[in-house]
Amino acid sequence: MAPFVLVVLGTMAVGFVALLYPVFVSPTERDVAWIAGADVVPGDEAAVYHRYLDRHRRHRLTGGIFGGALAVVVGIRFYGNIQLIGAGEQTSPLGDVFFCVLAGVVVGALLAETYRLGEERERPRAASLAPRGSIERPRVVRGARVLGAVTLVWGLGVGVLAGHWGPLGVAILGGVIALVAEATRHAVTNRRRPATSTRALHVDSRIRAFAGRSVSWLELAAATLTATWVLSLTPVPAALDEGARTGVEGVQVVLVLAGLVASVVLLRRATPRPPRHVAAAQIVEPA
């Protein structure tokens, strides 16, 4: 059992480092050059990009800290301990530090873009008619929607068949996050742009391009985390014999751990930093 515990702890440690490293480091010149799509960025434009990236960093950091603090408080108050990772346990994920930190970073990153919901309501007197390219990842968005729908159906089925409504409550919460992501992505894609200089429109289009992709990945990360959470709370049928129950519980733990790892990977896709192998002036176009 010891090797398995070491693997779990090692995986969790790597996940935390991969998840939180970008939020503790301020945006660099390379980050600014990457989102700008140019090796040399004028100072005034660089300041705009830097503020945008720094807002993402601060929101992610705040969300992660809030999630971790919530898990510690709930764990001590209701379970008498601090539960670092509760994969497959029939306890509230609100007392699971790993779950809550990950969820907090997802929500924090999503909130970094919700200011655009207010922008969408503004009506500039003059708007740019310049053509806009697609800024989202359609396959990623479709995957998030399908996974969210399956999670809702699964939670409803568990409630009806087992009388356990916790998974459905979590699925509904995930649905609310998905709706916020959908509204934010719509605002990023369709909001009016005031008629202004060519360089300002270029800066706006670069930020919108990143924001559209980022929110798409965040929506899928939130859907994956919700599905993992729902699976973790799904009770094993009492009618199974002891051997079968042990096997099902083992599979459940493995799937939950895989869901956590997948959530970290997806969240990293939405990070406001370029991949190590990407040159400063490169930016991946939507697929």
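Tutor: Let us begin with F78, a residue that lies in helix α3. Please keep in mind throughout that this is a predicted model. F78 has a relative accessible area of 58%, and because anything over 50% counts as exposed, F78 is exposed.

Helix α3 is built from 37 residues and spans 52 Å between its first C-alpha and its last, which is close to the 54 Å expected at 1.5 Å a residue. After α3 comes G80, and the phi of G80 is positive, near 75°.

Now let us turn to the partner of this helix. Two packed helices are described by the angle between their axes and by the distance between those axes. For α3, residues 43-79, and α4, residues 97-111, the axes come within 7 Å and cross at roughly 150°. Because angles over 145 degrees count as roughly antiparallel, α3 is roughly antiparallel to α4. The crossing of these two helices, α3 and α4, is right-handed. On the α3 side the contact involves H56, H59, R60, G63, G64, G67, G68, A71 and V72, while on the α4 side it involves V97, C100, V101, G104, V105, G108, A109 and L111. Sorted by class, the residues in this contact of α3 with α4 are eight nonpolar, eight polar and one charged.

The axes of α8, residues 198-233, and α9, residues 242-269, come within 9 Å and cross at roughly 165°. With an angle over 145 degrees, α8 and α9 are therefore roughly antiparallel to each other. The way α8 passes α9 is a left-handed crossing. From α8 the contact draws on W217, L218, L220, A221, T224, L225, T228, L231 and S232, and from α9 on Q252, L255, V256, G259, L260, A262, S263, L266, L267 and R269. In this contact of α8 with α9 there are 12 nonpolar residues, six polar ones and one charged one.

T224 has a relative accessibility of 11%, and because under 20% counts as buried, T224 is a buried residue. When its neighbours within four places in sequence are left aside, T224 is in contact with L147, G259, A262, S263 and L266.

The buried residues of α7 are P167, L168, V170, A171, G174, A181, T184, R185, A187 and V188.

Finally, let us step back to the whole protein. The protein has nine helices and zero strands, and 45% of its 287 residues count as buried. Among contacts with a separation of 6 or more in the protein, 82% are accounted for by residues 24 or more positions apart.

Terms used: Residues numbered from 1 in each chain as written. Predicted model: local features only at pLDDT ≥ 70, side-chain atom pairs only at ≥ 80, totals over all residues. Heavy atoms only, no water. Axes fitted to C-alpha atoms, helices over the stretch in contact; angles between N-to-C directions. Helix = DSSP H or I, 4+ residues; strand = E, 2+ residues; numbered from the N terminus. Parallel < 35°, antiparallel > 145°, perpendicular 65-115°, else oblique. Left-handed = near helix turned anticlockwise from the far one by under 90°. Contact = heavy atoms within 4.5 Å. Nonpolar A, V, L, I, M, F, W, Y, C, P; charged D, E, K, R; others polar. Expected span 1.5 Å × (residues − 1). Buried < 20%, exposed > 50% of the residue type's maximum accessible area, 1.4 Å probe, protein only.
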